[in-house]
Amino acid sequence: MVAEGLSVEDARKRCFLVDSKGLVIKSRLSELQHHKLNYAHEHEPVKSLLDVLKSIKPTGIIGVSAQPKVFDKAIVEYMAEINARPIIFPLSNPTHLAECTAEEAYTWTKGKALFASGSPFDPVVVDGKKHVPGQGNNAYIFPGIGLGVVVAGVKHVTDDMMRIAARALADAVTPAEVQVNSLYPPLSKIREVSSSIAKAVAEEAYAQNLATKPKPGDLDAAIRAAMYFPSANVGAAGF
């Protein structure tokens, strides 16, 4: 949001946290952990997640609670009631700790959900339309960032590099994947995706004078050459 023009303060005002005691608000400052402080807003106390949603009317919900089924039918249906395309991201791992399943999210929203999960889920068919859930896994991001860092000899990985990597990942999703509601490319494309991310990170490093290695004449070729390809013989000795 900041990259698209909002101030840090205004961006934070658009993000709300809910913990085991309810909505994170300023009247709870003395009991809050450090990472919650910047997102403690002026608001009356609200305990239940559904009541929080009814009060703040968010466009999306992200679950990192490791509390299974927190996104129940009432929660998900309400998100679909107030949003044309509700964002439902149950990111907790492993699968049995997910806040809801892909089938629940797509079924309860009648296929409207923009869904991604921390655990893998099988495709879901709702009213004859196939939905392929994306997996919000850091395996998409970190190899590409590391590859870009190695190729350019990056001195420091900045917040902007993380944002640029995320944008490169989003750009890797094809129109065909969008048609089946997949927000991520398939993991079978991980090398291609990692190359794109590595190039974006390296370009940012060169632009910001954070690279210690000369820029290659053919950056794409340099990235491909730096990729690790396991030998077919690895493991032959019993590993």
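The expected span of a helix is 1.5 Å times one less than its number of residues. In this predicted model, that rule can be applied to helix α8, whose 18 residues (190–207) should span 26 Å, and the 25 Å between its end C-alpha atoms agrees with this. Elsewhere, the model contains an open sheet of 4 strands and 12 salt bridges.

- The buried residues of α8 are V193, S194, S195, I197, A198, A200, V201, A202, E204, A205 and Y206, and what covers them includes α5 (142–152), α6 (159–171) and α9 (219–226).
- I197, one of these buried residues, is in contact with Y140, I141, G144, I145, A165, A168 and L169, when its neighbours within four places in sequence are left aside.
- After α8 comes N209, a residue whose phi is positive, near 60°.

**Nonpolar cores**

- The largest nonpolar core has 29 residues, and among them A152, L169, I197 and A205 touch the most other members.

**The open sheet**

- The 4 strands of the open sheet follow the order β3-β4-β5-β8, and their pairing is parallel.
- At the edges of this sheet are β3 (60–63) and β8 (134–135), each of which pairs on one side only.
- Strand β3 is joined by 4 bridges to strand β4 (residues 87–90), the two running parallel, and within this pairing G63 has P90 of β4 as its bridge partner.

**Salt bridges**

- K13 and D10 meet through their side chains in a salt bridge, at 3.9 Å from N to O; because they are 3 residues apart in helix α1 (residues 8–13), about one helical turn separates them.
- Both ends of that pair are partly exposed, K13 having a relative accessible area of 46% and D10 standing at 29% relative accessibility.
- K189 forms a salt bridge with E177, with the closest N and O atoms 3.4 Å apart; K189 lies in the loop between α7 (175–179) and α8 while E177 belongs to helix α7, so the pair ties together parts that are 12 residues apart in sequence.
- Residues count as buried under 20% relative accessible area, so K189, at 17%, is buried, and E177, at 13%, is buried too.
- K199 of helix α8 and D220 of helix α9 tie together parts that are 21 residues apart in sequence, through a salt bridge in which the closest N and O atoms are 3.1 Å apart.
- In this last pair K199 counts as partly exposed, at 29% relative accessibility, and D220 is likewise partly exposed, with a relative accessible area of 33%.
- A network of salt bridges links D19, K21, R28, E31 and K36.

Technical notes. Residues are numbered from 1 along each chain as its sequence is written. This is a predicted model: local features need pLDDT of at least 70, side-chain atom pairs count only at pLDDT 80 or more; totals for chains, interfaces and linings use all residues. Side-chain values use heavy atoms; hydrogens and water are left out. Buried means under 20% relative accessible area, exposed over 50%, partly exposed in between (1.4 Å probe, protein chains only). Contact means heavy atoms within 4.5 Å. Two strands pair if DSSP finds at least two bridges between them. A nonpolar core is a set of buried Ala, Val, Leu, Ile, Met, Phe, Trp, Tyr and Cys residues joined through side-chain atoms within 4.5 Å. A salt bridge is a side-chain nitrogen of Lys or Arg within 4 Å of a carboxyl oxygen of Asp or Glu.
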